[in-house]
Amino acid sequence: MRVLVVEDETAMAESLRDGLVNEGFAVDVAGDGEEALWYASEAAYDAIILDLMLPKLNGFKVCRALRERDDWTPILMLTAKSGHLDEAEGLDTGADDYLTKPFAFVVLLARLRSLLRRKGTTRPVRLEAGDLVLDPVTHQVRRGEQVIDVTPREFSILEYLLTHSGEAISKQTLLDHVWDFEFDGGPNIVEVYVGSLRKKIDTPFDKTAIVTVRGAGYMLDPTGG
Ligand code: CA
């Protein structure tokens, strides 16, 4: 099994390398994000141990860049930070598992072995309604071949509606799923965002993917409108 370790702290990188070599792994070490991408394009790794805080490109960006070029090597992300937000972001960019520093080497080894036992990583599915496509990995929205520029909030709204296409979704439900607890405004803000989303994904294409359901909210037309 060949593993790429991406870590800029030399002592940490060396101790990981030594530990893994002792366990019979072939190990390469990259010291920054760009180097990591280069190594990953030059060799077929069975897994990548990827530190989050890295020079040049951070771990999230490396992870996303790999997935964008359709590289689905299992990734174990290392970070000194902890918290659900980081974890969500890490998993969202396509990392397969997540380990918070400091950790015991045996724990890393167990997580790594468990990653390697899994039958490879599967690409999260693209959400589609007709020619309207949302890709959770690349964070891209398209109508046919045309890429549509949406804000992160608009992306989240569309993602929720597409996940529940054909169902009437209330403004309150969208508010609960797309806005955080800090937001203390009312459901009318949802109208504003849905309006701007329609101007991007529907109006220019003469379609109505987002249907207003009187008294109930919105429904995404599974045919794309
Ligand atoms: Ca680091």
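At what angle do H1 and helix H5 (residues 105-117) pack, and how far apart are their axes? The legends below take up this question after an overview of the model.

**View 1. The whole protein chain, shown as a predicted model.** The secondary structure of the protein chain comes to eight helices and twelve strands, and 42% of its 225 residues count as buried. Among contacts between residues at least 6 apart in sequence, 56% join residues at least 24 apart. The chain exposes about 11700 Å², and carbon and sulfur atoms supply 50% of this area.

**View 2. The packing of H1 and H5.** The two helices pack at an angle of about 60 degrees, with their axes 11 Å apart, which makes H1 oblique to H5. Their crossing is right-handed. Where the helices meet, H1 contributes Leu16, Gly19 and Leu20, while H5 contributes Phe105, Leu108, Leu109 and Leu112.

View 3. Because Glu9 lies in the loop between strand E1 (2-6) and helix H1 (10-22), and Met53 in the loop between strand E3 (47-51) and helix H3 (59-68), the pair ties together parts that are 44 residues apart in sequence.

Definitions and conventions. Residues are numbered from 1 along each chain as its sequence is written. This is a predicted model: local features need pLDDT of at least 70, side-chain atom pairs count only at pLDDT 80 or more; totals for chains, interfaces and linings use all residues. Side-chain values use heavy atoms; hydrogens and water are left out. Helices (H or I, at least four residues) and strands (E, at least two) are DSSP runs, numbered from the N terminus. Buried means under 20% relative accessible area, exposed over 50%, partly exposed in between (1.4 Å probe, protein chains only). Contact means heavy atoms within 4.5 Å. Accessible areas come from the Shrake-Rupley method with a 1.4 Å probe; for residues, only the protein chains shown count as cover. Axes are lines fitted to C-alpha atoms, for helices over the stretch in contact, and angles run from 0 to 180 degrees between N-to-C directions. Angles under 35 degrees count as roughly parallel, over 145 as roughly antiparallel, 65 to 115 as roughly perpendicular and the rest as oblique. A crossing is left-handed if the near helix is turned anticlockwise from the far one by less than a right angle, and right-handed if clockwise.
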